[in-house]
Amino acid sequence: MDTHQAEGPAIRVQGLEKSYKDLRVLRGVDFEVARGGIFALLGSNGAGKTTVVRILSTLLKADAGTARVNGFDVAGQAAGVRESISLTGQFAAVDEILSGRENLVLVARLRHLKAPGTVADDLLRRFSLTEAGSRRAATYSGGMRRRLDIAMSLIGNPPVVFLDEPTSGLDPEARIEVWQAVEELAEGGTTVLLTTQYLDEAERLADRIAILHGGRIIVNGTLAELRRLLPPAEVEYVEKQPSLEDVFFAVVGADSQGREARANEK
Ligand SMILES: Nc1ncnc2c1ncn2[C@@H]1O[C@H](COP(=O)(O)OP(=O)(O)OP(=O)(O)O)[C@@H](O)[C@H]1O
Ligand SMILES: [Mg+2]
């Protein structure tokens, strides 16, 4: 199958709805992601980010609405979607017993690639893991493990990559390493959809940012567009641009946010 299908957006989501029993998580989610670049889906704990990613990667069925990834419908053309994407979940899928290199070779074999060793060595180099490549993954730091996880998901060069909270639980240095890996990925022409609850992450990485709140996308635009939603604060004649954090809490409502997320957990 030719996975480099088509023109049009990399991802198109229309009217997506999903409930878990009585809990209405997605209430009509709409957004589009253009080809190339990094799109951040931003939201508090429990907003439904992982639910959106699971629907887009065909792991979960929506109750209503449509979604296309790389031109394929997630409901009717799941095989096409799966061949077009990779998914790095919120929790790393690395086999700790194996070395970093062995993990990569294993995935390359599973994908029936020729020369899995070469594929593995190229990826180790790209993610600055060459030195650590022969060590068991169990000995890796959180950042190294996450980079290996992302490297594994890139085997076979999928045109669309989903990263669900790629830096949660990492220290500042490791986050920067992962950010660099994600930026390189996008520079290579891959479309990246990442979810995050970190405003600085979206601010640093994303070409476009969509805020998921109350089951809908309530804001969607570039960082500059989002900033324009708030007037700059004037401090002693010096204009201070609103940060994404200011915008986030203004549109989401600073105090509703924590409470609603906690209510959703129940
Ligand atoms: N399989 C499930 N069964 C029941 N409820 C679920 C299920 N999966 C998720 N939920 C609930 O749906 C809501 C959205 O969950 P989801 O994992 O999509 O949020 P999220 O935005 O990814 O949150 P986080 O930032 O914590 O990862 C939460 O309230 C969660 O408890
Ligand atoms: Mg999640």
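Predicted model: local features only at pLDDT ≥ 70, side-chain atom pairs only at ≥ 80, totals over all residues.
**Confidence**

I found that the chain averages a pLDDT of 87, with 89% of the residues scoring at least 70. I then turned to residues 257–262, where the pLDDT is below 50, and noted that this stretch has 5 contacts in the model beyond near neighbours in sequence.

**The sheet of 6 strands**

I traced the strand order of this open sheet as β6-β7-β8-β3-β9-β10 and recorded its pairing as mixed. At the edges I found β6 (85–88) and β10 (216–221), each of which has a single partner strand, so one side of each is left without a neighbour in the sheet. For the twist I noted an average of 15° from one strand to the next.

Within this sheet I looked at β7 (residues 160–164) and β8 (residues 191–196), which run parallel and are joined by 5 bridges. Here I located Leu-163 opposite Leu-194 in β8.

Helix α5 (residues 142–153) lies across β6 and β7, and its direction runs at about 160° to β6. Helix α9 (residues 244–252) also packs on the sheet, where I found it touching β9 (208–213) and β10, with a direction at about 35° to that of β9.

**The sheet of 4 strands**

I followed a further open sheet in the order β2-β1-β4-β5, and here the pairing is antiparallel. Its edges are β2 (23–33) and β5 (72–73), and because each has a single partner strand, one side of each is left without a neighbour in the sheet. I checked the pairing of β1 (residues 11–20) with β2, which is antiparallel and extends over 8 bridges; in this pair I noted Arg-24 of β2 as the bridge partner of Ser-19.

**Helices α3 and α4**

How do the axes of α3 and α4 cross, and within what distance do they come? I found that the axes of α3 (residues 100–110) and α4 (residues 116–126) come within 8 Å and cross at roughly 130°, and the two helices are therefore oblique to each other. The crossing in which α3 passes α4 is right-handed.

I then listed the residues that make this contact: α3 contributes Gly-100, Arg-101, Leu-104, Val-105, Ala-108 and Arg-109, while α4 contributes Pro-116, Gly-117, Val-119, Ala-120, Leu-123 and Leu-124.

Technical notes: Residues numbered from 1 in each chain as written. Chains lettered and ligands numbered in written order. pLDDT = per-residue confidence, 0-100. Contact = placed C-beta atoms within 7 Å. Pairing = 2+ DSSP bridges. Axes fitted to C-alpha atoms, helices over the stretch in contact; angles between N-to-C directions. Parallel < 35°, antiparallel > 145°, perpendicular 65-115°, else oblique. Left-handed = near helix turned anticlockwise from the far one by under 90°.
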